[in-house]
Amino acid sequence: MTNIPTSLNILGIETSCDETAASIVRCETNNTNGYRGTILSNCVHSQLKEHAVFGGVVPEIAARAHVEMLDDIIAQALKEAKLTFTDLDGVAVTAGPGLIGGLLVGMMTAKMICLTHNLPLIGVNHLEGHALTVGLTDNISPPYLLLLVSGGHTQLLTVKDIGDYQRHGTTVDDALGEAFDKTAKLLGLGYPGGPQVEKHATKGDANRFAFPRPMIGRKEPHFSFSGLKTAVRQEAQKCQPLQDQDIADLCASFQTAVVDTVCDRVATALQHYRLVTAQNEPDRLVVAGGVAANKILRQGLEELCNAEDVTLIIPPAHLCTDNAAMIAWAGALRLHRGLNDPLDLGVKARWPLDVDATPMTGAGVKA
Ligand code: KG4
Ligand code: ZN
């Protein structure tokens with residue numbers, strides 16, 4: 001694309017998991033200050049209620065709920081931004097990774113809007129949305145080290161530039177949020193499990209159970225959480241019938257094991273990051289994904305960053321979890337570079353940010 005305006009209004013659409021989301025972001029640029037984003041609207045409909053009874057996301061139910069909700073959410077996003085389709089400069093849509101049914105709903109809707117209003121389509125990698133959010137919230141541009149911890153992903157990457165990522169570590173089994181959810185489920189707590197585990201842990205003794213710290217000390221900053229979850233199950237079985245104090249102690253001990261593991265993996269990834277970035281750049285760690293809301297994890301990362309002389313940046317919680325503002329923002333940055341897509345663009349269930357990284361196989365590994 002040529003003659004891209006210096007100010008772009010981008011509609012973002014996110015339907016890759018259990019949030020139906022639409023947002024309008026205005027992205028302005030000049031040659032000296034780079035890019036600045038303003039969120040004009042950010043509408044998210046969570047399908048939590050639909051999935052809670054099953055203790056996890058059911059793909060078919062998610063896809064149907066996206067079909068039912070998306071048009072209304074887009075209309076709401078335009079209304080709150082006080083814009084109409086004719087004010088838009090492009091439509092950015094999550095094209096993967098994620099649940100294929102939901103991705104198709106978002107993609108078909110985005111294409112329809114582009115065809116009707118003659119707008120460019122930008123397919124965005126959901127992980128790139130998370131990775132670039134700090135540009136929107138804190139005006140931070142690459143390079144930085146990214147810790148992405150959500151229900152579907154657990155990765156450590158160096159963000160070198162838009163579209164240029166080097167993965168240092170990923171999970172070989174469960175994602176971190178998934179480990180929180182499964183732990184909560186086996187202790188009879190609600191879904192999503194992360195906030196429940198965190199709440200019960202506040203009343204617990206983190207030293208009562210000596211849970212494993214998986215992968216600690218390994219040279220590559222990968223993660224593994226399924227063994228930890230099994231250890232929680234075994235200890236929980238020994239405590240039957242579970243009392244409130246047992247649950248609190250199990251949650252606190254689990255959470256501390258998680259924080260120790262994550263901090264060790266981040267410290268290792270920092271060494272990799274320093275090797276691949278210029279030495280005079282200030283070191284920065286950015287955290288994204290729903291688990292970034294966890295206060296004990298934040299505290300652990302703050303201590304690590306203080307000790308390592310690293311700046312820690314965590315976007316506000318509602319922009320760490322799944323949303324469409326991050327998709328609109330990533331789409332705007334791509335459009336500024338002329339990186340829009342043809343209208344026959346497909347969706348992908350798996351789509352790693354670093355295409356050269358060795359793929360990991362197993363449940364929970366989506367990219
Ligand atoms: O990023 P997100 O909203 O959705 C995706 O998975 O993409 O992350 C949701 C995950 C869930 O697994 C949830 O249990 C976890 O983030 N989570 C937390 C906390 N809040 C949400 N985990 C630990 N502590 C929390 N406070
Ligand atoms: Zn996400």
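How far does a polar side-chain atom of Asp181 lie from an oxygen atom of ligand 1? The distance is 2.7 Å. This structure is a predicted model.

**Ligand 1: contacts**
- A polar side-chain atom of Asp181 faces an oxygen atom of ligand 1 across 2.7 Å.
- Gly290 uses its backbone instead: a backbone N or O atom lies 2.9 Å from an oxygen atom of the ligand.
- On its own, ligand 1 has 550 Å² of accessible area, and the protein covers 87% of that.

- Ligand 1 sits in the largest pocket.
- Two elements give two or more residues to the shell around ligand 1: helix H5 (176-186) and helix H6 (193-201).
- H6 supplies the largest share of that shell, with 4 residues.
- There are 18 residues around ligand 1.
- The ones that come nearest are Gly151, Asp181, Glu198, Gly290 and Asp322.
- By type, the shell holds 5 nonpolar, 10 polar and 3 charged residues.

**The zinc ion (ligand 2)**
- Three residues are the protein donors of the zinc ion: His126 through NE2, His130 through NE2 and Asp322 through OD.
- These donors lie 2.1 Å from the zinc ion.
- Along the chain, the donors follow the spacing H-x3-H-x191-D.
- His126 lies in helix H4 (residues 126-138), while Asp322 lies in the loop between helix H10 (317-320) and helix H11 (325-336), so this pair ties together parts that are 196 residues apart in sequence.

**Backbone details**
- Most residues other than glycine have a negative phi, and most peptide bonds are trans.
- A cis peptide bond joins Tyr191 to Pro192, with omega about -5°.
- Pro192 is in the loop between H5 and H6.
- Another cis peptide bond links Gln240 and Pro241; here omega is about -10°.
- Pro241 belongs to the loop between helix H7 (226-238) and helix H8 (244-276).
- Met215 is not a glycine, yet its phi is positive, near 75°.
- The loop between H6 and H7 holds Met215.

Key
Residues numbered from 1 in each chain as written. Chains lettered and ligands numbered in written order. Predicted model: local features only at pLDDT ≥ 70, side-chain atom pairs only at ≥ 80, totals over all residues. Heavy atoms only, no water. Near = heavy atom within 4 Å. Polar contact = N/O pair within 3.5 Å; in protein donor to acceptor, adjacent residues only side chain to side chain. Areas by Shrake-Rupley, 256 points an atom, 1.4 Å probe, with all protein chains shown as cover. 1 Å grid on protein atoms, 1.4 Å probe; cavity = no way out; pocket = protein on both sides within 12 Å on 5 of 7 lines; lining within 4 Å. Sits in = over half its atoms within 2 Å of the grid points. Nonpolar A, V, L, I, M, F, W, Y, C, P; charged D, E, K, R; others polar. Donors = N, O, S within 2.8 Å, 3.2 Å for Na, K, Ca; no water.
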